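Biologist: I would like a close look at one part of this model. Please take me through it step by step.

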Amino acid sequence: MTTVGGWFDALTPAPPEGLRVRLSALLEPFAHLPVQQVPEACLDAGVQLLDALLASGSTSRTTALDLLAVDALVTYAFQAAADEPALMNARAARALARIAALPGSLGA
């Protein structure tokens, strides 16, 4: 696997089918990037989706799959980032700052 898309396709265990389809769509804009960019691609996709969800104010059950997708993307970002433990603290701080700055975040 040499690309973000190849990395996602090779995940074991694969996410459940409905979530896999949603994640694949969210990662499509990043699929061509080199595999080394998986942590950033997953975090970017997750933050973009969370931003849209928070901005919409939707709290209905229809957003459940998207909330699961955000969780999965952030989890995958840090799973992939674990290959570079020396960068983990800096990545976590940047991720926290990005998420905290989103519209509708608690305390905003």
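Where is Pro13 found?

Modeller: This is a predicted model, in which local features need pLDDT of at least 70, side-chain atom pairs count only at pLDDT 80 or more, and totals for chains, interfaces and linings use all residues. Residues are numbered from 1 along each chain as its sequence is written, and side-chain values use heavy atoms, leaving out hydrogens and water.

Pro13 is in the loop between helix H1 (4–9) and H2. Helices here are DSSP runs (H or I, at least four residues), numbered from the N terminus. The peptide bond from Thr12 to Pro13 is cis, with omega near -5 degrees. Most peptide bonds are trans.

Now follow the chain into H2. The axes of H2 (residues 17–27) and H3 (residues 38–56) come within 9 Å and cross at roughly 100 degrees. Axes are lines fitted to C-alpha atoms over the stretch in contact, with angles from 0 to 180 degrees between N-to-C directions. So H2 is roughly perpendicular to H3 (65 to 115 degrees).

Which residues meet? Arg22, Leu26 and Leu27 of H2 meet Ala41, Cys42, Ala45 and Leu49 of H3 (contact: heavy atoms within 4.5 Å). These residues divide into 6 nonpolar, no polar and 1 charged. Ala, Leu and Cys are among the nonpolar types, and Arg is one of the charged.

Stay in H3 for Val47. Val47 is buried, at 7% relative accessible area (buried: under 20%, 1.4 Å probe, protein chains only). Not counting residues up to four places away in sequence, Val47 touches Arg98, Ile99 and Leu102. Val70 lies 23 residues from Val47 in sequence, and 7.3 Å away in space, C-alpha to C-alpha.

How values were computed:
Helices (H or I, at least four residues) and strands (E, at least two) are DSSP runs, numbered from the N terminus. Angles under 35 degrees count as roughly parallel, over 145 as roughly antiparallel, 65 to 115 as roughly perpendicular and the rest as oblique. Buried means under 20% relative accessible area, exposed over 50%, partly exposed in between (1.4 Å probe, protein chains only).
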